[in-house]
Amino acid sequence: METNRQKKIGGVIQKDLVDILQGEVRKNGITNLVISVSKVSVTTDLSVATVYLSIFPQEKAQETLEGIKSNTTLIKHDLSQRVRLQLRRVPNLVFFIDDSLDYIEKIDNALAGKENPIENRDLLEKRRKS
């Protein structure tokens, strides 16, 4: 369970990362790309922040994530300049794609009967016997 301090630091990092990432998208003139930070969770020792990104369109998600990962040190430096009065030490940033919306969509489709796993057995993942 996250403490209040972890939640506050996660919220500060999330707000500033949105500004940094959207600013870079606008500054570089990239159109038709939306990056949002859906969640930031900070470890108990405040040394690592796990950042979950939602990237639209989905086709550019992996390529964009690789670009963000390669520029992590620059992003951390920009973040440290923004939060220098609030945090002594900026946690290391680890980026992941947030696929919770895809997961919810799969559940909705299954419940609506569009993809019924009982009628179409190919939709079920094969279980491995060990």
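1. Confidence. The mean pLDDT (the predictor's confidence in each residue, from 0 to 100) is 86, and 88% of the residues score at least 70. The model is predicted: local features need pLDDT of at least 70 and side-chain atom pairs pLDDT 80 or more, while totals for chains, interfaces and linings use all residues. Residues are numbered from 1 along each chain as its sequence is written, and side-chain values use heavy atoms, without hydrogens or water.

2. Range across elements. Where pLDDT is low, predicted coordinates should not be read in detail.

3. Nonpolar core. The largest nonpolar core has 25 residues. Such a core is a set of buried (under 20% relative accessible area, 1.4 Å probe, protein chains only) Ala, Val, Leu, Ile, Met, Phe, Trp, Tyr and Cys residues joined through side-chain atoms within 4.5 Å. Leu-53, Leu-93 and Phe-95 have the most contacts inside this core. At least two residues come from each of α1, β1 (34-42), β2 (48-56), α2, α3 and β3; α1 gives the largest share, 6 residues.

4. Phe-95. Leaving aside residues up to four places away in sequence, Phe-95 is in contact (heavy atoms within 4.5 Å) with Leu-17, Val-51, Leu-53, Leu-65, Ile-68, Lys-69, Thr-72 and Ile-75.

Conventions:
Buried < 20%, exposed > 50% of the residue type's maximum accessible area, 1.4 Å probe, protein only. Helix = DSSP H or I, 4+ residues; strand = E, 2+ residues; numbered from the N terminus.
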